[in-house]
Amino acid sequence: MPLSERSLVRGYTELEIQYSPSGWVVRRGAEETLRTYSQIGDEATKRAQAARGSLLHVPYGDRERERLDIYFPEDESEALPFFVFFHGGYWQSGSKDSSAFMVSPLTAQGVAVVVVSYDIAPKGTLDQMVDQVTQSIAFVQKRYPCNEGIYLCGHSAGAHLAAMMLLANWTKHGATPNLKGFFLVSGIYDLEPIMHIPENEALLMTLEDAQRNSPQRCLEVALTQPVDAACPVLVIVGQHDSPEYHRQSREFYQALRRGGWKASFEELDDLDHFEIIWNLTQKDYVLTQMILKTIFQES
Ligand SMILES: Nc1ccccc1C(=O)C[C@H](N)C(=O)O
């Protein structure tokens, strides 16, 4: 429920306000923003699916939601960079079917785009989602062993899932992916505050669940150095994300630097939590360009 409606029903806490991204938007109302976000996602996905060169609803596991879509550039060789996207929605909304924002500008430059679905709550638990994401990436590596790098991108809850891959255990999944970069957009890296907002009614996280699945905490206690110290990790937040989202991104960036990762921090000017992703439909958007520069190392 958007913040404005929730406030009519009862009072809300500071944490709820901080963790309601649509309450912080500046150009539209909260509801209109959420509607626009779904609309742009649906339209971009329809356009991408109508174009030639895609493999849709590919199973990466046995469960119903273990499906991904792959969008190829004109050159359908398999020696391509693969950009793998994990959607947001507080681990309880969204799917690959409305999240193919970046397909057109990336495939136009020779990048294959993979958009992944996973078992959102209440069906899936956080542990299951993390496992599914791990499995989806191992699947891409096994299917395209000649890839020129796998780049992970996640938004919001999806950035959390992508960040968990920094320390994933690949042995159980039978392939170590050729990870070449991470784009973590408006993410949550410490899950403890989420236990205290209504979104946890679907997630049912205990303190142990929250700690085990917090990349911030995992990174701080990890003894291992990055597998590939040259792998760039971009931690990105919008100017109009809430102060808590800014804090989460900044602290995660700092933990990455302490852990020896090649991390950078970007605050994108005049963008909210939703525009920061839906603008990826545009080729000259600053984040689209950052992604392409990282993939083609022209920086
Ligand atoms: N982070 C997201 C990413 C994608 C779609 C929705 C969200 C939300 O957070 C919705 C939340 N219920 C809100 O009102 O802001």
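Okay, let's start at the ligand: 10 residues surround it, and the closest are P21, S22, G88, G89 and S156. Surrounding here means a C-beta atom, placed from the backbone, within 6 Å of the molecule. By class, that shell holds 4 nonpolar, 6 polar and no charged residues. For the classes, Ala, Val, Leu, Ile, Met, Phe, Trp, Tyr, Cys and Pro are nonpolar, Asp, Glu, Lys and Arg are charged, and the others, Gly among them, are polar.

Quick housekeeping. This is a predicted model, where local features need pLDDT of at least 70 and side-chain atom pairs count only at pLDDT 80 or more, while totals for chains, interfaces and linings use all residues. Residues are numbered from 1 along each chain as its sequence is written.

Now, which residues does the UniProt "active site" annotation cover? The record, an unreviewed entry, gives S156, D241 and H273. They span 118 residues in sequence, yet no two of their C-alpha atoms are more than 10.5 Å apart, so they gather at one spot. Bear in mind that UniProt positions are given in the numbering used here, feature names are shortened, and annotations may be inferred rather than shown by experiment.

Take S156, in the loop between β5 (150-155) and α6 (157-164). Helices here are DSSP runs of H or I with at least four residues, strands are runs of E with at least two, and both are numbered from the N terminus. S156 counts as buried because it has 26 C-beta neighbours inside 10 Å. The cut-offs: 20 or more other C-beta atoms within 10 Å is buried, 12 or fewer is exposed, and in between is partly exposed, with C-beta atoms placed from the backbone. Not counting residues up to four places away in sequence, S156 touches G88, S186, G187, I188 and H273; contact means C-beta atoms, placed from the backbone, within 7 Å.

On to H273, in the loop between β8 (262-268) and α11 (275-278). H273 is buried too, with 25 other C-beta atoms within 10 Å. Beyond its neighbours within four places in sequence, H273 contacts P21, W24, S156, S186, G238 and D241. The C-alpha atoms of H273 and S22 are separated by 7.5 Å, although the two residues are 251 apart along the chain.

Next, the core. The largest nonpolar core has 83 residues, and V84, F85, V113, V114, A162 and L184 have the most contacts inside it. Its largest share, 7 residues, comes from helix α5 (residues 126-143). By nonpolar core I mean a set of buried Ala, Val, Leu, Ile, Met, Phe, Trp, Tyr and Cys residues joined through C-beta atoms within 7 Å.

Then helix α12 (residues 286-296), where L287, T288, I291, T294 and I295 are buried. Down the axis of α12, the buried residues fall within an arc of 130°, so they line one face of the helix; the arc is that of the directions from the helix axis to the C-beta atoms. K293 and F296, on the other side of α12, are exposed.

Most residues other than glycine have a negative phi, and most peptide bonds are trans. A121 and P122 are joined by a cis peptide bond, with omega about 5°. W91 is not a glycine, but has a positive phi of about 60°. L204 has a positive phi as well, near 50°.

Notes: Two residues are in contact if their C-beta atoms, placed from the backbone, lie within 7 Å.
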